[in-house]
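Here is a short briefing for a first look. Please view the sequence and the fold, then read the points below.

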Amino acid sequence: MSTLRRGISSAAAGAARATAVPAVLISVPCTRTAIHMPRQAVPFGASPLLVPARRRVPGGLMGRQSFHVLAAAAPAVAPAAASTAVLPDAIVEKAHGFTLQRTQFVKEYGSHVLLYKHDKTGAELISVLNSDENKTFGVVFRTPVDDSTGIPHILEHSVLCGSRKYPIKEPFVELMKSSLNTFLNAFTYPDRTCYPVASTNTQDFYNLVDVYLDAVFHPRCVSDRRVFEQEGWHFELDNKEEPLTYKGVVFNEMKGVYSSPDSRYYRIVQQALFPDNTYRHDSGGDPEVIPNLTFEQFQQFHAKYYHPSNARFWFYGDDDPVKRLALLDSYLKEFERREVNSSVETQKLKRMPRSVTEYYAAGDGEEGEQKAYVGVSWVLSDNPLDVETELALGFLDYLMLGTPAAPLRKALNDSRLGAAVIGGGVDDDLKQPCFTLGLKGVDPADSDKVEELITSKLKELATSGFSASAIEAAINTIEFSLRENNTGSFPRGLSLMLRAVGAWIYDRDPFTQMQWEDALSSFKSKLASGQDVFGPLIHSLLLDNHHRVTVRLLPDPELAATTEAKEKARLEAARGAMKDDQLDAVVENTSALKELQETPDPPEALACIPALQLSDIPPTITKVPTSSKALADGATLLAHDLFTNDVLYLEAAFDLRSVPARLLPLVPLFCRSLTQMGTSSESFVELTERIGRKTGGISIYPFTSAVRGKEQPVAYIMVRGKAMGGKSADMLDLMRDILLTARLDDRQRFTQMVAETKASMESGIISGGHSYAGKRLAAQRGMAAALSETMGGLSYLESIRSLAKKVETDDGWQEVKSDLEAIRSALLQRNGAIVNMTADAATLSAVEGQVSDFLAALPAASAPTANAAQSWSNALLLPRTNEALCVPTQVNYVAKAANLFQDAGYELNGSAYVVEKYLGNTWLWDRVRVVGGAYGGFCSFDSHSGMFTYMSYRDPNLLDTLGTYDGSADYLRSLELSKDELTKAIIGTMGDIDAYQLPDAKGYSALVRHLLGVTDEERQIRRDQILGTSNKDFKAFADAIECVRGAAGRVVAVTSLDKAKSVLDEKPDFWEVKKVL
């Protein structure tokens, strides 16, 4: 399920893949979403060290992430570091039932790492001591499976639905409402289940740990069948005249996963690579198999594996190390040691390559549009790799695939055999490392050519090796990323935990995964000596390794209907086998379960959840140190004096409003082209390698946002980079060369980028339909959202499809090339440019002159044809209509929205943030997810544009969900929250507002506030309003969102064609049906 990479090899390579990221549209504020990232390789440009790119947000647990321009940045801190390598006096060798087994100072992370064993149960604990205030806890159980009923996945959902000490329906939701957590979630892997939490507030942290410990060891779900039925599956029947249906959160979640061809491909690869051990099954659950799971099997699984003797515990941060032991022992002392057979069998390597052909549900699109997925995969070893080999493998992976210019990836792209590369190369997420690579969008007749190309290119690389420049770039990029340790919004302690667990869970040394310095030094020495490090690896692990599987996933336009028919037949058979009294029991159980789900816990029961007080919340905002300086020709320099460990983070923003509206659909590809076609003096490969040698990465992307009170949005092209302070001039030289001299005439490369974009978006609308639906609705009402839709929504996909045909003709390409140059001419000007820098004072001072030189090299003003920022026409806005966007899917993504500023005359108050979060965590959670069976249900209020949007994720319902949305205002009016309930709601909101940020994020947040005109004075006003939220504010907001239920509300859903038509049968003319795939 989750496929975060931890081992040094992929941590090194994956972390480096941000050097040339694809252009993405950034819109502010981001919408809170519940997103399940299905099993897949790390996308190119993503990094498990830089961002939690592939973590699964499990079980509809709503791993919500928000970007608040009102947010208070956390205090500036250095990367986690202990003051000395001498063991602190506070450490004890024996206390609270634990005995110290091993200690080590890990210099890479400035941390003391202690390994304890619990005397009574044998449970192991890694306790990491450093100065990081973002404290992290986790418990991990090995949970291998014997079938694809999804037991560990359903259990992961269920244990957080009440426990012995916290006997309410969903303690997890109460924590979401009232905690200051910086991370709160759970992960299901193919062979283990993880429960991590994090917080910067010590008391809040211990509250989270206590709730999680009680949840995993004493959950209500093992004695209450209704939890299993809610989260897993059950028969649903409201009356005996209706057809029988399946309902369950995990059941519907996995129907969504299995609707995604990408997800299906990677699941088939895993099962084909590991035909003889637990990995041949789907721990997340196959929707066709999930209904085979019984409650008794569910109970037995928990009893077997959720025991301290099968657990590994992790603490990290600046809290009291002895208190950690006491807290754990308060739970573990109830258990006795026992043997738990949870080991994962090693897959013996096969002696002959194999091929597998399967099918995915496809739409009946244009002739030639339905293409295959073709890839080649290996299990690399049946024995653990040593640390240096892992590191070498990571470098090899990066050299072959880590950037668009990497030779193996480039060969696949240049072949034009497919639309986009699939498989991320090395994946050491499982017990044995794998390598997966291929193409999607392949003509099935060309399947053999893909395999032949991969093999021939590997042979070439094994013989010819890599250039000195490429190796230098790889070393700098990977080492930069390892030393920077920038995990984005992901807690550093959790990132480190997941790496350590990657060895620890298989009874290997977890310390080795945290120590890469010596291995890196040794590896660099070998390279410097001229030793051929990579050729032997390519031969031994790939070319001479016959445990190879070629997977062909072919389109089947009939598969969706066939799958639905099979489910219907199974349900009819089940119903036919039931006697009248059994049908009565199903109806009764359906009614009883819904009554339970719809009945809130009483206040006295909710009081069991530990909570902070408002006095624990600082009353004033935390400011990011910012200086602003006007430069020549109307440019502005913003600087933020923060400790960054000698890294300079820099953004250069250029006003996009000078670009004509007709060229906007080309802007994202223009951004990619700047770094992926080379310059007038360097090839694409040479430019990519220079970026790798001199910087920690450069990315270019469009940024748009509404501005409250203004019709016109802010819109910029962001050129964003990072480098060591001593290489700042090199980075600025690179940015100058890219902007001024980048070639925009590589037709083959551009055509491939168009194909990649098209393939990515067509996959994305199936797996993330809520995002597309929300963009469509917002684009009906505001210019900023219309830009976002034009450059990143369904309108963009339609433009890309047209562009793909256009570039096939010579005349069409000449027109496109001319348009790309026109965008550059319109954009490039120092007049109005904004440069944003985040670093320490000395670095900022040294770089200021370099920035002036960088700006001086740019034209003073843009081309005469676009001399002044133009106002884009309202013609960009979409028609205000309901839409059904139809794709081959087993689930729905349902959105409904209106503009509170325009339709309700609402004036922004900070209390809106509190009410929005509360509504999502109560009414929508309970009715859309718990009762309705969707994976997620939530709402979003964009306080800049005024758009208020309801959305559901992997939802079995359509009209019922809309009915729930329409009941939201009445629900809010019915509330009369107690003082304690209001306090919890406020504190939970402040956890979002005061979200923990690393230094680069603080500087970027300050830039966004500058662009949007959000002052510290306004931030303080909103903070005061949040802290003063009352019941009256809930009712006032209910009046505001009433407009969504009324005539102003519009609906967009991503659904199947059959379901869209079924709505029209019930409500004629309800919406326009638009076939997307």
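Which residues does the UniProt annotation "domain: Peptidase M16C associated" cover? According to that unreviewed entry, the annotation covers residues 553-803. UniProt positions follow the numbering used here, feature names are shortened, and annotations may be inferred rather than shown by experiment.

This is a predicted model, where local features need pLDDT of at least 70, side-chain atom pairs count only at pLDDT 80 or more, and totals for chains, interfaces and linings use all residues. Residues are numbered from 1 along each chain as its sequence is written, and side-chain values use heavy atoms, with hydrogens and water left out.

**The annotated span**
- Residues 553-803 are 51% helix and 17% strand. Helices (H or I, at least four residues) and strands (E, at least two) are DSSP runs, numbered from the N terminus.
- The end C-alpha atoms of this span lie 27 Å apart.

**Leu803**
- Leu803 belongs to helix 26 (residues 794-806).
- Leu803 counts as buried because its relative accessibility is 9%. Buried means under 20% relative accessible area, exposed over 50%, and partly exposed in between (1.4 Å probe, protein chains only).
- Not counting residues up to four places away in sequence, Leu803 touches Leu666, Leu669, Phe750, Val754 and Val816. Contact means heavy atoms within 4.5 Å.
- Asn486 is 317 residues from Leu803 along the chain, and their C-alpha atoms are separated by 37 Å.

**Helix 11 and helix 12**
- Helix 11 (residues 407-415) packs with helix 12 (residues 447-464) at an angle of about 145 degrees, and their axes are 10 Å apart. Axes are lines fitted to C-alpha atoms, for helices over the stretch in contact, and angles run from 0 to 180 degrees between N-to-C directions.
- From helix 11, Pro407, Leu408, Ala411, Leu412 and Ser415 meet Leu453, Ile454, Lys457, Leu458 and Leu461 in helix 12.

- Six strands form an open sheet in the order 26-27-25-28-24-29, with mixed pairing. Two strands pair if DSSP finds at least two bridges between them.
- Strand 26 (936-941) and strand 29 (1072-1075) are the edge strands, each pairing on one side only.
- On average, neighbouring strands of this sheet are turned by 15 degrees against each other, direction ignored.
- Helix 30 (residues 911-931) packs on the sheet and touches strand 26 and strand 27 (947-953). The direction of helix 30 makes about 160 degrees with that of strand 26.
- Strand 24 (residues 883-886) pairs with strand 29 in the parallel sense over four bridges.
- Glu883 stands opposite Glu1072 in strand 29.
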